[in-house]
Amino acid sequence: MRDGYAFVRASLGAVMHGSSAYYRWLAFLGVWMLLGCAAATYQFANGLGVSNLTDQVPWGVYIANFSFLVGLAAASVLVVIPAYVYRDAALYDISLLGELLAVAAMVMSLLFIVVDLGHPELFWHLVPSLGILNFPQSMLAWDVVVINGYLFINAYVVSYLLFSKYRGRVPDKRWYMPVLLLGVVWAVGIHTIPAFLYASLGGRPFWHSAVLAPRFLASAFVSGPSLLIIVLTVVRDQMHFPVRDEALQRLRQIVGVAAVLNLFLTVSEIFVEIYPGTSHSASMRYILVGLHGHNLLVPYIWTGIALSVFAAVVFLARPLYSRPKLLLAACAGAVIGVWIEKGMGLVIPGFIPTSLGEIVEYSPSFIEFCVSAGIWAIGAFLYTLMLKVAVPIELGTLRLPGVSHERVGLHPLRGAA
Amino acid sequence: MTEDHQNHDEREAVVEGVGKAQASRRRFLQVLGAATATAATSQADAAPWEDFFQQHYKRLTDDEKRQIFARLEAQVQDKYGVAVRISDPKPIDGVEFAYALNLQACVGCRRCEYACAQENNTSRSPELHYIRVLQMDKGSLDVERSNTTYEGAVPTAEHYYQPVQCHQCRDAPCVRACPVNATWAEPDGIVVVDYNWCIGCRYCEAACPYFARRFNYEEPTVRPSEINPDQGYLSNRLRPRGVMEKCTYCLHRTRKGLMPACLEACPTGSRKFGNLLDPNSEVRQVIETKRVYILHEDAGTNPRFYYYFG
């Protein structure tokens, strides 16, 4: 108990002190957080009328970001599986950073759901017994369960590992392995349930596709590890955390395969929709070439596709990926490409045309933009603070007073226990 | 109305009869609600908290419902200066409502659409209508080739008209989609919304293949003089901002034996409404003797709304 108190105090101490670059980064995020809070307050006071959402397009940039962020959490499972199941030493060293990324991603996706509600204050209606959770009928109820569950699983595992290491002890497998492995299984849910949320709607041909869940998985396996490569590079440069090149290359291999698979699935979907030219292909035509003169999102989606192709090429060609700057650019391209494709590129065309054939286009309002940016800033802020605590504990520099500063658990599982 | 006002002792007395778990949950909410309510000075001040802690329609006792209706009536009185009566007509045993609409006779005048708005107290600004009248190209049943913003004299030689509203599906995707059971199908087939339970996620709207659901993005506005005072709790009472609403086949009328407002407004007799379980009802006759088709039948939602020719 006393150790727990010391842990919390040490964590607070760690996040309060940093370089000037650290403070500048937090201040930058703080400005966006304030702006986001102001915009969210304004929206709460005035209703969703301040968004550009309509009955024709009832979901927009909030749900788009939600869909992308559940995928981003794949950064966790894709380091956990190689690290713990295949005992990859390089990824084992950095697995904690992947799990923390999943925590931040889950917090952001929950926030994006909350700001999308007409009555966020009535969230208690979702709490079983107190309210009514329509489980297992509603796919949204499933989503509430899997996202909160995944948040809890990852938060528990990283808290336990960090607390053990802070006390200079080797983490006891019995206390975290079952939950960690549950997280691996749960990860399947976290990427497929949001896809089923869309794919289960028989009245929306654009989403009603068996390949949507595999596409969600493939694109998640691109965006999560790609962002992690960027994070690891920054952490190595800024926080002097030893990230082995093998770790980056292993992640690069993963995203290379996933990027190609993702493009292949996307092409399959486009082909099946476009070639026969049934009336159900209208949404696909809208997003790719425009429909009856409406083409607001056409340049947007092609930007995303171009970035995804660029990233896939770099990830697979040794002369290209061996140049660190180009690899980072490809990672950024991959993340943005998936954000476009699994974000507004997926959500908006589902509503265009409506089931009665109307075409109403959508782009976010200024308020929606500020709220979204604010939530991203909250996620980045949270992740930064978590890294600020986790990295020194991993390095052995942050320890319970009187405990050896040796590094704990810096080897594959085989040797850890 | 004052005798109906909140009386917490009375409410707790009613609770004794309910299941234990439910009673404790109720009690928890009541204590919270009561604690905040007593801090306020008047009924009007207490209302927001009572709105907030209000339970799901199906969990309310008759007594609680009476108190809630009185509170809602008082809120309308406060806000609009209009005396309305909120009732809760129950579904009738042996009745399953269905609609049939004659595509050959409809002229696209949109009177049903506006009569519906008046009857159901839907927002005038922003304008919110349950019924969408599609101007269809002759030679096609494809709604994607339709136009909903047509103007000028109707009918035209090149078009026919297809009004669309909630189809009250037997396998309603909106009902399954709702994460909090704020929308459900009543025993007489009408899909309703508890406007005080809806959290406004709009998943039902995404799920609907008929574009039948409407969300109050802004505070709905109706002029006091235009408010229909005969209101059903699950149908045409004034809605708050941030919740979903939809056509309820005018259940506050139809459960009392009246016809829906859209049917009464129709100058061509295109609209037929009645009890599907009654072999002599008009709607049953239509299904048995006319050529009937169902919009988006491939969506598999088994609607209680039929289009026919003749």
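1. In the chain, A:H240 sits in the loop between α8 and α9 (245-274) of chain A.

2. Staying with α8(A), how far apart are its end C-alpha atoms? They are 39 Å apart; at 1.5 Å a residue, the 28 residues of α8(A) should span 40 Å, so the two values agree.

3. The same check works for helix α7 (residues 173-199) of chain A: its 27 residues, at 1.5 Å each, should span 39 Å, and the distance of 38 Å between its end C-alpha atoms agrees with that. Do look along α7(A) at A:V185, though, where the helix bends by about 30°.

4. Next comes the packing of α8(A) on another helix. The axes of helix α4 (residues 74-85) of chain A and helix α8 (residues 212-239) of chain A cross at roughly 80° and come within 7 Å. Angles from 65 to 115 degrees count as roughly perpendicular, so α4(A) is roughly perpendicular to α8(A). On the α4(A) side the contact is made by A:A74, A:A75, A:V77, A:L78 and A:V79; on the α8(A) side, by A:A220, A:F221, A:G224, A:P225 and A:L228. What kinds of residue make up this contact of α4(A) with α8(A)? There are 9 nonpolar residues, 1 polar and no charged.

5. Two cis peptide bonds are worth checking by eye. One joins A:I352 and A:P353, with omega about -5°; A:P353 lies in the loop between α14 (344-347) and α15 (366-395) of chain A. Another runs from B:S125 to B:P126, with omega near 0°, and B:P126 is found in the loop between α5 (111-119) and β3 (132-137) of chain B.

6. On confidence, chain A averages a pLDDT of 94, and 98% of its residues score at least 70. Over residues 411-417 of chain A, however, the pLDDT is below 50, and this stretch has 15 contacts in the model beyond near neighbours in sequence.

7. For chain B, the mean pLDDT is 89, with 85% of the residues at 70 or more. Where does its pLDDT stay under 50? One such stretch is residues 1-20 of chain B, with 29 contacts beyond four places in sequence; another is residues 35-42 of chain B, with 7 contacts of that kind. Please keep one caution in mind here: where pLDDT is low, the predicted coordinates should not be read in detail.

Key. Residues are numbered from 1 along each chain as its sequence is written. Chains are lettered from A and ligands numbered from 1 in the order in which they are written. This is a predicted model: local features need pLDDT of at least 70, side-chain atom pairs count only at pLDDT 80 or more; totals for chains, interfaces and linings use all residues. Side-chain values use heavy atoms; hydrogens and water are left out. pLDDT is the predictor's confidence in each residue, from 0 to 100. Contact means heavy atoms within 4.5 Å. Axes are lines fitted to C-alpha atoms, for helices over the stretch in contact, and angles run from 0 to 180 degrees between N-to-C directions. Helices (H or I, at least four residues) and strands (E, at least two) are DSSP runs, numbered from the N terminus. Angles under 35 degrees count as roughly parallel, over 145 as roughly antiparallel, 65 to 115 as roughly perpendicular and the rest as oblique. Ala, Val, Leu, Ile, Met, Phe, Trp, Tyr, Cys and Pro count as nonpolar, Asp, Glu, Lys and Arg as charged, and the others, Gly among them, as polar. The expected span of a helix is 1.5 Å times one less than its number of residues. The bend at a residue is the angle between axes fitted to the seven residues ending there and the seven starting there.
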